[in-house]
Amino acid sequence: MRMRKPKDPIGGLSVMEAIEACRDRQVYSGIIHSEAAVVCREVKVVLDRLGSYSRLGEDDHFDVKVILNELLQNAIRHGNSMNASKTVSLDVLLEDSQTLEISVEDEGPGFDVERTLAQKRRRCFDVEDLCEMDECGRGLLIIETLCDTVERNASGNRITVRKQLHPLS
């Protein structure tokens with residue numbers, strides 16, 4: 001009996017290669033309870049897993065840590081209103097060991113992100129010392145600064161960011 005070669009489903013890859021390629025991209029996918037203390041542990045797990053896929057330099061490691069903390073803390077604090085019975089969904093993908101994609105979704109009602117950011121940007125110009133800046137909304141500005149792209153769903157309870165990494169050789 002002759003074995004047939006699997007069909008060519010994805011860009012010239014065999015089925016097994018396609019499955020392996022998808023598996024290699026997935027750094028983390030999970031549900032996190034809305035407890036601030038859990039965030040630190042999960043950020044460490046993500047960074048450890050990411051380190052097994054790509055050797056991050058100090059700057060990238062720091063940036064990813066800040067991005068994850070800000071996204072998760074914002075989802076817990078503002079999205080889920082610190083309600084421990086609600087959860088946050090976190091997905092982290094790594095494409096070709098250089099592009100990191102992080103998606104966070106909370107169970108909150110969402111908010112008008114553009115209006116909030118516009119207000120925050122106006123207030124930034126009025127503040128001489130960054131330490132005097134209002135804490136609310138500051139995380140969104142940090143995320144926008146550290147990430148290459150930021151996308152949100154229409155309701156404002158899901159955010160997906162992408163960051164180009166500079167892995168060490």
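Predicted model: local features only at pLDDT ≥ 70, side-chain atom pairs only at ≥ 80, totals over all residues.
Reader: Which residues are exposed on the other side of α2?

Author: Residues are numbered from 1 along each chain as its sequence is written, and side-chain values use heavy atoms, leaving out hydrogens and water. Exposed means over 50% relative accessible area, buried under 20%, and partly exposed in between, with a 1.4 Å probe and protein chains only. On that side of α2, the exposed residues are Ala37, Cys40, Arg41 and Ser52.

Reader: What arc do the buried residues of α2 fall within?

Author: The buried residues of α2 are Val38, Val39, Glu42, Val43, Val46, Leu47 and Leu50. Seen down the helix axis, they line one face of α2, because they fall within an arc (taken from the directions from the axis to the C-beta atoms) of 165 degrees.

Reader: Which elements are included in what covers the buried residues of α2?

Author: Helices (H or I, at least four residues) and strands (E, at least two) are DSSP runs, numbered from the N terminus. The chain's elements run α-β-α-α-β-β-α-α-β-β. The cover over the buried residues of α2 includes β1 (26–33), α3 (58–79), β2 (87–95) and β3 (99–106).

Reader: How many Å does α2 reach from its first C-alpha to its last?

Author: Helix α2 spans residues 36–53, which is 18 residues. The expected span is 1.5 Å times one less than the number of residues.

Note on methods
Contact = heavy atoms within 4.5 Å.
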